[in-house]
Amino acid sequence: MSLRRPALAVASVALLASVTAACGDAGGLRGAGATPTAISPARLWPTLKPASSPAWAIDEADTETIKGVAVPHGDIREVDPVAVVRAEIAAQPGEYQGDSASYRGTTARMADCADRAGGASGAASRCPVLAPYYRDLTGDGRPELALGFRLLPGDLTAVRVYTVERDRLVRVMAWEDAVSAVELAGRSVIIRSPSDLADYEYRLQWTWDPEQKAMLLTHDEMLRSDGAKRTPGTRAHKSPASSASPSTSVPSAQPAPGVTPPASASSSASGR
C-alpha cells in the first residue's frame, strides 16, 4: 500500500497540471478591436410644435365584428374562410362591386372557390381566397385565423387576422399591399413587400396588443432582401389599409382544404 501512494500522487499532480494548462489556454482574454466613440442623440428644432395627430391613417387598433358569419361552437376553425371574404365584399360594395370597382376581379372569381364540403364550381386555382392558417396570436390558448385573398385585377393581396369574442368573429388586423411573403412569429404577423430599390424590401410587423385588443403595427422598416444590412425606412403610409380583429400544443400550420394554397406563405408559420 505504501508503494502505490507516491505513484497515485504523481499521477494526480500530472493530471492537475494538464487541466490547469488547458483552462489557462481557453480562458485567456482577447482584444475585440477598437470601440467606436458613443454619440448621444441630438434633438433637432426643439422649438418645433409637436404634432397632435398622425399624418396618415393606417387604421391602428381598428377592429370590426364580422356580421353574417357564424362561429359554430365558438371554434374559429369551423368558420368558412370563403364566407368571411364574401362578407367583406358585401360590406364594401364600392370597392368590390361594379365595373369601376377597384377589386371587381375578386368578386368575379369568388364563384371559383370551393365550398365547405370540398367541392368546386370551377378551377380551384382561380379562387382568390388563399389557404387559411391557424395560430394563437393573442396568447389566450386559442387559435386565431390568418387569412389572405387576392385583390384583383391588380397585384395586391389582402391580409387579415380574426379572433373570436363571445362567439362572434372579430377582425383585429387588416392590410393590403404588394406582398412578397407573409410569416407568423410568436404573437406577430410579418409582411414583406418589394421596394423600388434593388436588393431591398419593406418589412412590416404587426403584433398583438392586449390593451388595445388588436394587432398593432410595431415595426416598419426597409432592409436588404438578403438580410445583410438594415437601414431606416417607412412604408405604412404608402399602402392603404382597410377600414374594417390553439390548443396548448401547436404543430406546424396546415392550410385548410377547399381554397388556394398561398404561394408566399412562409414555412415557418405554425398553427393547426
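Modeller: Cys 113 and Cys 127 form a disulfide, with their sulfur atoms 2.1 Å apart; the term is applied to a pair of cysteine sulfur atoms within 2.5 Å. The structure is a predicted model, in which local features need pLDDT of at least 70 and side-chain atom pairs count only at pLDDT 80 or more, while totals for chains, interfaces and linings use all residues. Residues are numbered from 1 along each chain as its sequence is written, and side-chain values use heavy atoms, with hydrogens and water left out.

By the sulfur distance rule, the count comes to 1 disulfide. A disulfide is a covalent bond between the sulfur atoms of two cysteines. The link of Cys 113 and Cys 127 is right-handed, with 85 degrees about the S-S bond. Cys 113 and Cys 127 each lie in the loop between helix 4 (104–109) and strand 2, so the pair ties together parts that are 14 residues apart in sequence. Here helices (H or I, at least four residues) and strands (E, at least two) are DSSP runs, numbered from the N terminus. Both cysteines are buried, where buried means under 20% relative accessible area, exposed over 50%, and partly exposed in between (1.4 Å probe, protein chains only).

Strand 4 (residues 156–165) and strand 5 (residues 168–177) are antiparallel partners over 9 bridges, and Val 159 stands opposite Trp 175 in strand 5.

As to aromatic pairs, the count comes to 2. Rings of Phe, Tyr and Trp (its six-membered ring) pair if their centres lie within 6.5 Å; planes under 30 degrees apart count as stacked, over 60 as edge-to-face and the rest as tilted. The rings of Tyr 96 and Tyr 103 have centres 5.5 Å apart and planes at 55 degrees, so this pair is tilted. The rings of Trp 175 and Trp 206, with centres 5.1 Å apart and planes at 55 degrees, are likewise tilted. This second pair links distant parts of the chain, Trp 175 being in strand 5 and Trp 206 in strand 8 (residues 200–209), 31 residues apart. Trp 175 is buried at 0% relative accessibility, and Trp 206 is buried at 1%.

Definitions and conventions. Pairing = 2+ DSSP bridges.
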